[in-house]
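Here are a few exercises on pockets and helix packing. Have a go at each one before you read its solution.

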Amino acid sequence: MDNLARKHLQFHNTPRAMAAMEIDYPDGATTGWHAHPRDQLLFAIEGVMIVRSAEGSWIVPPSRALWLAAGLEHDVKMSGQVKIRTIFIDTTTIQNLPTKSCVIEISPLLRELIVAAVHIPLDYHEGSRDDRLMRLLADEVRVSDVLALHLPLPSDPRLKRVCEEISARPANTSTVDDWAARLGVTAKTVHRLFAKETGMTFAQWREQARLLFALQRLAGGERVIDVAFDCGYASQSAFTAMFRRHFGIPPSTFYR
């Protein structure tokens with residue numbers, strides 16, 4: 001595992017602006033906390049990645065990729081056998097790419113470009129087919145849709161307590177008034193803290209927490225109805241409606 005953890009280091013100082021790496025991890029493995037000097041497109045052709053940072057958490061299934069800003073310290077935990085195919089990009093040279101960490105949609109073309117890129121040598125020639133493939137890959141990232149799969153974490157200790165409880169037990173149905181009473185503040189204060197600390201309302205943050213929890217459980221092959229109840233939904237149909245609103249497809253087909 002130590003060799004796996006250090007493998008990315010050889011891709012940091014390459015002669016070209018883009019470098020692609022492939023690496024596989026067993027279920028439950030973690031990368032440990034680390035950062036990269038280049039921006040990174042983190043993608044897995046199989047398995048699900050749970051990525052944590054001080055900014056929040058992301059769940060990344062095979063149909064999505066995570067753009068990680070250079071220098072952001074993060075940790076990746078694997079759910080299932082995870083086959084990572086990732087691209088490191090010097091955005092001072094390859095420009096007009098995302099400026100903040102975000103999850104993007106992976107089109108069939110972008111997927112195949114990423115898979116092909118891992119076979120390109122680190123010292124590929126400028127103007128060559130390999131160079132054109134890398135630049136087309138960057139073009140496809142530029143036009144990819146950004147998806148709301150980020151769960152921002154607050155720094156205020158009062159709100160942090162609320163968010164940790166919801167994340168650990170997403171079926172918790174406590175209202176803003178309930179939380180306000182426990183914290184000894186007004187409901188207005190709780191609403192203000194959510195807007196200030198996360199950029200979301202309480203309802204939006206809780207739904208996002210439930211969605212990310214559900215993605216991880218679905219990746220493990222659990223039944224949709226069990227995941228729905230564990231997320232606090234009264235029925236599978238209510239959960240499916242929420243899921244479809246976010247992804248345009250039902251949870252039963254998401255990982256196919």
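Strand S2 (39–53), strand S3 (56–60), strand S5 (74–89), helix H4 (157–168) and helix H7 (202–219) each give at least two residues to the lining of the largest pocket. Helices (H or I, at least four residues) and strands (E, at least two) are DSSP runs, numbered from the N terminus. This is a predicted model, where local features need pLDDT of at least 70 and side-chain atom pairs count only at pLDDT 80 or more, while totals for chains, interfaces and linings use all residues. Residues are numbered from 1 along each chain as its sequence is written, and side-chain values use heavy atoms, with hydrogens and water left out.

**Exercise 1.** Describe the volume and lining of the largest pocket.

*Solution.* Start with the term: on a 1 Å grid over the protein atoms alone, a pocket is an open set of points where a 1.4 Å probe fits, with protein on both sides within 12 Å along at least five of seven lines, and lining residues have an atom within 4 Å of a point. A volume is the space filled by probe spheres set on the points, which are joined across faces, edges and corners. The largest pocket comes to about 420 Å³. Next, its lining has 17 residues, with Ile 50, Arg 52, Ser 57, Leu 151 and Ser 167 nearest the centre. Finally, sort that lining by class: ten nonpolar, three polar and four charged. Here Ala, Val, Leu, Ile, Met, Phe, Trp, Tyr, Cys and Pro count as nonpolar, Asp, Glu, Lys and Arg as charged, and the others, Gly among them, as polar.

**Exercise 2.** Do likewise for the second largest pocket.

*Solution.* Its volume is about 190 Å³. Residues lining the second largest pocket include Glu 55, Trp 58, Lys 100 and His 150. Strands S6 (102–105) and S7 (146–147) are the elements that supply two or more lining residues. By class you get seven nonpolar, two polar and two charged.

**Exercise 3.** How are H5 and H6 oriented to each other?

*Solution.* First take the axes (lines fitted to C-alpha atoms over the stretch in contact, with angles from 0 to 180 degrees between N-to-C directions). Those of H5 (residues 176–183) and H6 (residues 187–198) come within 8 Å and cross at roughly 100°. H5 and H6 are therefore roughly perpendicular, a label that covers 65 to 115 degrees. Then look at contacts (heavy atoms within 4.5 Å): Val 176, Asp 177 and Ala 180 in H5 meet Ala 187, Val 190 and His 191 in H6. That set splits into four nonpolar, one polar and one charged.

Terms used:
Parallel < 35°, antiparallel > 145°, perpendicular 65-115°, else oblique.
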